[in-house]
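Here is a short tour for anyone meeting this structure for the first time. Have a look at the model, then read on.

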Amino acid sequence: NYFSWQKKLPSFPEEQRVDDNKVHVCTSQVWIVVRVEDGVVYLSADSDSQLTKGLAALLVEGLSGGGVETILGLPMDFIQD
């Protein structure tokens, strides 16, 4: 379940909890940082909500380490039930 995924997120640095990293359309507070090194995407995330943090963990786990072109080529509905 989503709640167990939240435990997989590494610690999120307090200095990255800034407005530029915040997801503003979310009811919960969510921060996402994306960095690209040599064409590989790395994500980190955190949230004040357990459910949202679990969902963010799924994205971090599923997308981190992927190539830029691969991730950009994913359809918007790549997560299925």
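Lys53 has a relative accessible area of 22%, so it lands in the partly exposed class. One thing to keep in mind throughout is that this is a predicted model.

**Salt bridges**

How many salt bridges does the count come to? The count comes to four.

| Pair | Distance |
|---|---|
| Glu14 and Arg17 | 3.3 Å |
| Glu37 and Arg35 | 2.7 Å |
| Lys53 and Asp46 | 3.2 Å |

Which residues are linked in a network of salt bridges? Glu14, Arg17, Asp46 and Lys53 are. Glu14 has a relative accessible area of 59%, so it is exposed. Its partner Arg17 sits at 27% and is therefore partly exposed. Asp46 comes in at 6%, which means it counts as buried, while its partner Lys53 is the partly exposed residue we began with, at 22%.

Then there's the pair of Glu37 and Arg35, whose side chains meet in a salt bridge of 2.7 Å. Glu37 has a relative accessibility of 42% and counts as partly exposed. Arg35 has a relative accessible area of 42% and is partly exposed too.

**Around Thr52**

Next stop: Thr52, which you'll find in helix α2, spanning residues 50-63. Is Thr52 buried or exposed? Its relative accessibility is 16%, so Thr52 counts as buried. What does it touch, if we skip the neighbours within four places in sequence? Thr52 is in contact with Cys26, Ser28, Val30 and Ser47. With Ser28 there is also a polar contact between the two side chains, at 3.4 Å.

**A nonpolar patch**

Finally, turn to the surface. Leu59, Leu74, Phe78 and Ile79 form a nonpolar patch there, and together they have about 320 Å² of accessible area. Where is Leu74 placed? Look in the segment after α3, the helix that covers 68-72. Leu74 is partly exposed, because its relative accessibility is 31%.

Terms used
Residues numbered from 1 in each chain as written. Predicted model: local features only at pLDDT ≥ 70, side-chain atom pairs only at ≥ 80, totals over all residues. Heavy atoms only, no water. Patch = residues over 30% accessible without salt bridge, like charges linked within 9 Å, V, L, I, M, F, W, Y side chains within 5 Å. Areas by Shrake-Rupley, 256 points an atom, 1.4 Å probe, with all protein chains shown as cover. Helix = DSSP H or I, 4+ residues; strand = E, 2+ residues; numbered from the N terminus. Buried < 20%, exposed > 50% of the residue type's maximum accessible area, 1.4 Å probe, protein only. Polar contact = N/O pair within 3.5 Å; in protein donor to acceptor, adjacent residues only side chain to side chain. Contact = heavy atoms within 4.5 Å.
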